[in-house]
Amino acid sequence: MARRHYAFTTLLVVAVAVACLSSADAKLTVNYYKKTCPRMEKIISEAVTSKQLSNPTTAAGTLRVFFHDCFVSGCDASTFISSNHFNKAERDADINLSLPGDAFDLVTRAKSTLELECPGIVSCSDILALATRDLISMVGGPFYTVRLGRKDSLTSTASSTDGHLPLTNQTMTEIIGVFQKNGFTVQELVALTGAHTIGFSHCKEYINRIHNYKHGGPNAFDPSMEPRYAKGLQAACAKWKEDPTIATFNDIMTPGKFDNLYFKNLERGLGLLATDQALFEDKRTKPIVQLYASNQTAFFNDFVYAMEKLSRFGVKTGRKGEVRRRCDAFNEIST
């Protein structure tokens, strides 16, 4: 009886998530700004190119911000709101404190230019969605269609992140649960995690894998790691307590290129985070990792499908949102 109730609850959660996607599909369009702001995509593209060339980690940072924004309450730029005396905003939740400033700066720059070109027309959430797509393509990843017409959120609270984002210390079962709660399959989980093919992680996110692993001594490391890789990370993170900003690349082979090397690395014991390597260890995800490691086209195709789905998740339209004049403040506050 309990198992039947659990199955019903799971189906209900998935049905609600699918309903969110279906309603968004009906209201988002590719040519949403064709008449109201025809140079919108060109302006965003120019901002993306300038920022990525000057700061090569912008692509990875923006992709991460996009995921964190969408997975909590839908793709609504709620992560961009600044906290004040009355409200601790989403951006200041513990899990979001390490989100890179380059992503926020890029969207702010594009928004400022767009406000001069067509004031009050283009939402911050649409800018983020398009900038993410353009950046992925710029570093070698697949190009995909982004439907437009999102409105920016009317709320943003740090507490809303609780239980909605995967953590580096979670089991694969827990992570699968986080994705399924939002209507995403195991295959989509693996495809989206392939975004770790670019970017970096701070030592504190994986220090338990490379130092005193399971209380085995200061130099003990996770046996699933390639030994030379583990020792290299130990050297790189030797002073992480004194400098918590120390970080290493997620993909040591091609850290600035969006490709399938991330999955090949997992087969070699070169996964950086425990949750990365767990994708290769878990029987539910291992076959997908092996597929993507051997077939980049399959990875790109599934990544595109998952990103298009993610970009439509929980979007606000009509009176459920607004087009902010500033991305870091609601209109009633920024006036």
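Predicted model: local features only at pLDDT ≥ 70, side-chain atom pairs only at ≥ 80, totals over all residues.

Mentor: Happy to. A word on UniProt annotations before we start: their positions are given in the numbering used here, feature names are shortened, and annotations may be inferred rather than shown by experiment. Residues are numbered from 1 along each chain as its sequence is written.

Now to our spot. The UniProt record, an unreviewed entry, puts a "binding site" on Asp69, Val72, Gly74, Asp76, Ser78 and Glu90. They span 22 residues in sequence, yet no two of their C-alpha atoms are more than 12.5 Å apart, so they gather at one spot.

Let's zoom in on Asp76. Asp76 sits in the loop between helix H3 (58-73) and helix H4 (101-117); helices here are DSSP runs (H or I, at least four residues), numbered from the N terminus. Asp76 is buried, at a relative accessible area of 1%, where buried means under 20% with a 1.4 Å probe, protein chains only. Skipping residues up to four places away in sequence, Asp76 touches Asp69, Ser125, Lys151, Asp152, Ser153, Lys316 and Arg324 (contact means heavy atoms within 4.5 Å).

Ser78 is in the loop between H3 and H4 too, and Ser78 is buried, with a relative accessible area of 0%. Beyond its neighbours within four places in sequence, Ser78 has contacts that include Asp69, Glu90 and Arg324.

Conventions. Heavy atoms only, no water. Helix = DSSP H or I, 4+ residues; strand = E, 2+ residues; numbered from the N terminus. Buried < 20%, exposed > 50% of the residue type's maximum accessible area, 1.4 Å probe, protein only.
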